[in-house]
Amino acid sequence: EIKLTLQGSSLTETGSAVTSGFSPDPFSFIHIHLYQQCDALLLMGGVGVEHCSRPLYRKSDSHVWMGKTPLPESFAHGRQLTASCWRERFTAFRSGVKTSAETLQCINGEWINSLKKKELDGFSCESCVTVAGSGFQKFRKRKEQELYYFNKLAFQVYSELGSVSETSNILPKYCLTTPNRRRAYLSNRFNLENKEACPEIMSMEVVGSADPEDRLMRVMASDNTNGDCMQVGKNGNFPSLFRYPCDQDKSEQLINPMALPSLIWSMHQQFESSAQHVHLAYSSFCGAHGALSSLAFQQIFAGESRRRTNRKISECHFAPVIRFGTFVATGIIYDKTNGDWPNWNTLLADNPVLCPPGEALTGFKLESGSNKYMFECSRIGGLGIRYEYFSAQVEVTKFDHVRNNWLGAIRMLKVDCGENALLSGFHFEFSEGGRWARSKYTCSKAGGAPVVMEPSTTIESRFHSAEGLFCPKFRDLTTGRYRYENTAASGETLTFQEDGRWCIGNSCSKKIGGENPIGAI
């Protein structure tokens with residue numbers, strides 16, 4: 001904790017290594033935000049992270065380093081060194097009096113200080129103390145002091161869908177927002193809102209009744225007078241997040257942060273189910289954040305849209321679209337004004353539709369002018385592994401151009417990837433000898449929306465006004481203990497009383513007489 005400075009030079013020594021007197025900005029580390037995010041995830045309980053490395057690299061102009069060199073092995077008579085303390089955590093004292101530094105001079109092979117004593121005799125660096133509020137001690141015993149402060153951080157939560165459709169003004173950020181209890185007509189269900197800047201919505205608190213990975217997520221809102229928390233529940237068939245009075249004994253309120261991405265994915269699916277997808281005769285188009293999960297041949301190739309309840313129709317599911325594609329023509333040709341369809345089976349079989357890896361179908365249509373079918377593949381964020389499936393094998397009355405002979409088979413064909421996968425392509429197959437038809441199709445697992453849980457600011461209202469760093473100011477002659485002063489602008493004084501109490505103003509601990517000011521606030 002003692003720093004040595006060679007007089008007449010800009011070089012200083014800490015231990016045996018030479019450093020400059022300049023204190024570099026901790027945020028000058030390269031990619032510091034990634035280290036901060038990793039550390040935040042560890043404090044959340046891991047969230048898939050097991051270890052975070054320390055920042056290693058700074059830009060060359062971030063601090064003074066040119067000309068650094070080890071101190072010489074010997075000093076000439078008369079040379080001087082200045083000893084000082086690490087000012088952020090220690091205060092320098094000379095013979096019990098606060099000072100800024102001590103000067104050592106080389107005299108006849110010995111270092112003599114300003115008190116005419118050898119080396120650093122009479123000079124000391126007295127440590128500052130941290131005063132924290134109720135609850136800190138239990139974390140200290142578990143050597144998890146950082147969680148005390150982590151409980152008092154405000155979080156923003158949002159998903160980044162990353163749509164870059166050139167013709168829209170859609171923002172890629174969807175913020176988790178809290179329902180307002182003052183508006184009785186609103187439900188207590190959390191929402192996802194398309195915003196440029198997200199509000200601070202919650203804190204994540206470690207509570208004694210929870211598993212180590214679970215957190216009590218306390219709601220932050222101007223109307224939160226009763227102390228509400230997040231609670232997992234269901235909205236129809238979809239898991240969702242709701243707002244209820246805090247009860248740390250309720251398992252539904254003890255939420256693992258790793259569960260938030262899947263819950264927000266479910267909320268996106270729910271909101272997307274009511275989006276404006278368009279499924280018409282001979283065409284299907286998904287909305288700004290959707291992709292096809294199924295394709296109904298009856299609607300697309302027979303032109304029978306949902307005018308009757310028993311007719312099959314294509315479906316779109318939520319998908320974080322990163323980049324929309326362009327419509328590409330297939331070799332499938334059909335004149336819908338004629339009704340009959342020459343070579344329909346070979347046209348479908350010879351022209352498979354397949355999106356590149358990482359993409360899924362977001363549109364399929366029959367172009368009126370060219371009578372060609374066209375499809376659109378778009379880049380989807382987090383798209384998973386591909387699987388191949390086969391549709392049901394259906395009977396074909398006769399393989400010819402007459403509509404009534406192929407319509408029955410087309411009506412029964414549908415390629416369907418289910419709830420959590422997206423359609424990436426299909427390939428029609430048939431057998432004239434066996435008089436059957438089916439379709440092989442490719443599904444890509446939907447990987448989820450990228451979710452950010454970002455600590456933003458400290459919730460000042462959750463700290464005691466006297467909490468902070470207290471550094472020694474002077475020694476009390478009555479007790480022999482130092483008196484400490486808050487380094488913040490508030491300037492409270494921490495004192496040790498003769499009866500064994502630590503006091504900050506009128507707030508005192510029990511008569512513990514210990515070295516540490518436990519219980520002072």
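How many disulfides does the count come to? Nine, taking a disulfide as a pair of cysteine sulfur atoms within 2.5 Å.

Before I go on, this is a predicted model: local features need pLDDT of at least 70, side-chain atom pairs count only at pLDDT 80 or more, and totals for chains, interfaces and linings use all residues. Residues are numbered from 1 along each chain as its sequence is written, and side-chain values use heavy atoms, with hydrogens and water left out.

Let's start with the disulfides. A disulfide is a covalent bond between the sulfur atoms of two cysteines. Take C38 and C52, with sulfur atoms 1.9 Å apart. Their S-S torsion is about -95 degrees, so this disulfide is left-handed. C38 sits in helix α1 (residues 32-43), C52 in the loop between α1 and β4 (80-85), and 14 residues separate them. Helices (H or I, at least four residues) and strands (E, at least two) are DSSP runs, numbered from the N terminus. Both C38 and C52 are buried. Buried means under 20% relative accessible area, exposed over 50%, partly exposed in between (1.4 Å probe, protein chains only).

Next, C85 and C125. Their sulfur atoms lie 2.0 Å apart. The torsion about that S-S bond is about -90 degrees, so it is left-handed. C85 is in strand β4 and C125 in strand β9 (residues 123-127), so the pair ties together parts 40 residues apart in sequence. C85 and C125 are buried.

Then C286 and C316, joined S to S at 2.0 Å. With a torsion of about -85 degrees, this disulfide is left-handed. C286 is in the loop between β20 (283-285) and β21 (290-296), C316 is in strand β22, and they are 30 residues apart. Is C286 buried or exposed? Buried, at 13% relative accessible area. C316 is buried too, at 10%.

Now the rings. There are 29 aromatic pairs. Rings of Phe, Tyr and Trp (its six-membered ring) pair if their centres lie within 6.5 Å; planes under 30 degrees apart count as stacked, over 60 as edge-to-face and the rest as tilted. F301 and F364 have centres 6.1 Å apart and planes at 80 degrees, so they are edge-to-face. F301 is in the loop between α5 (297-300) and β22 (315-318), F364 in strand β26 (residues 359-367), 63 residues apart. F301 is buried, at 0%. F364 is buried at 0%. F364 also pairs with Y373, tilted, at 5.9 Å and 35 degrees.

Last, charges over rings: NZ of Lys or CZ of Arg within 6 Å of the ring centre and within 35 degrees of the ring normal. K152 lies over Y148, 3.9 Å from the ring centre. R481 sits over F496, at 4.1 Å.
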